[in-house]
Amino acid sequence: TLYAGGDFTSMNSQPGTVRIAKLSTGGVLDTTFASGITSGPDGTVFAISVESAANLVIGGSFTFYNGAGSVRLARLSATTAALDTTFASNLGTGPNDTVRALAWTGAVHVYGGDFTSVNGVLNTVRAAQVSTTGTATSVHGGTGPAAPVRTVAIDASGRAVIGGDFQTVGFAAGTVTLGRVARFSAGSSDGTFVPVHGNKYV
């Protein structure tokens, strides 16, 4: 199964393909998923994180999904595309700016972007994590990346790796210069991870 997100409002002229679509590996549109999408997200979908065969989370610049509030993050049924309203409710005011990247750790979704706060939660600057029920928490424990995060990945040990425009990241123990790529271990900088500094964003 493949998922596509973006700024499109139609895919192959099919209904229910507003900024998010589900396809087979052969490129065939999943019409059951599409039938659950009416107005869809009201802004661009930049990131998709597949949680399981049952659910996925999308991130972007939207604040509504199918007319219901779900601010810049939304958890959907992987079968019917229905919005998880409990997730949306617990997310509250959500990230205060665009979400650009998402990754599933096996327990939570780690996400990054342009935002400087998530639902008023402390230390959720440009990178944070959200549970399957919509509860946002800090992932770095400090002032966070000094500039936007553009990509997120999870390594084999479940540690979050982020890339972006930043050159420093504020952790609970202080600010670390990392050169646009950083790896977190239990909310603090992984000192064994020292990437080569890039001269442009990751």
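Here is a short walk through a sheet, a residue inside it and a loop.

This is a predicted model, so local features need pLDDT of at least 70 and side-chain atom pairs count only at pLDDT 80 or more, while totals for chains, interfaces and linings use all residues. Residues are numbered from 1 along each chain as its sequence is written, and side-chain values use heavy atoms, with hydrogens and water left out.

First, select β3, β4 and β7: these three strands make an open, antiparallel sheet in the order β3-β4-β7. Strands here are DSSP runs of E, at least two residues, numbered from the N terminus, and two of them pair if DSSP finds at least two bridges between them. β3 (45-50) and β7 (73-77) are the edges; each has a single partner strand, so one side of each lacks a neighbour in the sheet. Zoom in on β3 and β4, which are joined by five bridges. There, V45 sits opposite G60 of β4.

Now pick V57, in strand β4 (residues 55-60). Is V57 buried or exposed? V57 counts as buried, because its relative accessibility is 0% (buried means under 20% relative accessible area, exposed over 50%, partly exposed in between, with a 1.4 Å probe and protein chains only). Beyond residues up to four places away in sequence, V57 touches several others, including I48, L73, L102 and H109 (contact: heavy atoms within 4.5 Å).

Last stop: S131, in the loop between β10 (127-130) and β11 (136-138). S131 is buried too, because its relative accessibility is 18%. Leaving out neighbours within four places in sequence, show F87 and V108, which S131 contacts.

Key:
Helix = DSSP H or I, 4+ residues; strand = E, 2+ residues; numbered from the N terminus.
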